[in-house]
Amino acid sequence: MVALLALSGLVILALVREQTGTQGFLVGLGLAVLPVPLLLAAFRWLGRVEPGPWRNLLFAFAWGACAAALIAIVANSFATRWIATTTADPAGADTLGATVIAPVVEETAKAAAVLLLFLFRRRDFHGILDGVVAAGFTATGFAFTENILYLGNAFGTDQLTGGSGIASVTAATFFVRIVMSPFAHPLFTVLTGIGFGAAALAADRQRVRRVLLPLAGLLLAMGMHALWNGSATLGQFGFIAVYGAFMVPTFGLLTWLVVWTRQRELRTVRTELPAYAVAGWLRPSEPFALGSMRARRLARKFARERGGRPAARAVAQYEAYATQLAFLRHRGRAGKAGADFVTRERELLLELWVRRAAARPALEHAARLTAPRVPYGAGWAYGPVPAAWPPQGQPPYPAYGENPYRR
């Protein structure tokens, strides 16, 4: 896969440079890179509850910037030329290519990265936010390459016509693609990511749902993409109308959805982990601390100040494994646990156990700073005691080593 992406990168680099020229390529590269750090940071923030491995995110970005962009350039050009030759209508071919061919080809190419992660990195793909983050990184990479091409061509046009300043084609292209709509491609592909995330939440036996949900998300992404590309054909104010009536409200709705999902995942952590605290695997204060992003950040800071980067890394890994454990138990209580429930639970508990020396003092410190102390039994706990805590002396689930959710 690395070799494939590297080869795709070299080919797409040559194609873009051939179309824009060296100077246009450098100008496009310098302008197109501006929104990339902000978009990647936003998607990384959304995935901080259960951060996935960096190799998955790098793969998604590289696939979008190299493989998906190459597929789109080749397929779109071939399809547009074929339609123009067949119909003898170049103008109509360009319109049909932008509104029909491009959305189908581009969204399918980007969705392939999410599909590969869903199939081959299944342990890192647990829910909607995982799909959103994977789709966001892929689409950001794709938009980066596409923006280089558009901005480089715009610069070449200005070189031929003598355009400069605010009235130049480069400035207009920069304003539309970088200032007004840097979120366009991520917005489309996030719909596909939500479909895959919803499929990840479905039980293994719900095979139809696991197939239909990603397809529905992909179709929505294609439809939104087609509407956006087609806005240029709706007259002088078509672009503004589509932007204000559809793009901005959809962006706001999806932003609310993913932030709400993020908060829901934190509540799942606070609800599910107390059972393991009662069983002795975690300290009573840890479920609250692990369910608060502020407490997690304070715990990593505490560990870094006292044990350096290795200790902070151990705490971050502890937080990630504890979150996976909470999600695993949540799926089990919902009747969606797979046959490997017990094996996976044991693996996660052992990962926590080997990192407890660095993580427990840090999380205890973070809990003291972020939550009030409340009485619990003969001792104290931090924060409000969740309703999921069973009475003392009563096991939260059957003896360890048995699947409490087997049906």
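Contact here means heavy atoms within 4.5 Å, and helices (H or I, at least four residues) are DSSP runs numbered from the N terminus, as are strands (E, at least two). With that in hand, let's look at one helix pair.

The model is a predicted one, where local features need pLDDT of at least 70, side-chain atom pairs count only at pLDDT 80 or more, and totals for chains, interfaces and linings use all residues. Residues are numbered from 1 along each chain as its sequence is written, and side-chain values use heavy atoms, leaving out hydrogens and water.

The pLDDT is the predictor's confidence in each residue, from 0 to 100. Its average for the protein is 87, with 91% of the residues scoring at least 70.

| Element | Residues | Mean pLDDT |
|---|---|---|
| Helix 2 (highest) | residues 36–46 | 95 |
| Strand 2 (lowest) | residues 379–382 | 50 |

Over residues 384–407 the pLDDT is below 50, and this stretch has 43 contacts beyond near neighbours in sequence. Where pLDDT is low, the predicted coordinates should not be read in detail.

Now to Gly9, which sits in helix 1 (residues 2–32). Is Gly9 buried or exposed? Gly9 has a relative accessible area of 16%, so it counts as buried (under 20%; exposed is over 50%, partly exposed in between, with a 1.4 Å probe and protein chains only). Its C-alpha atom is separated by 27 Å from that of Pro51, 42 residues apart along the chain.
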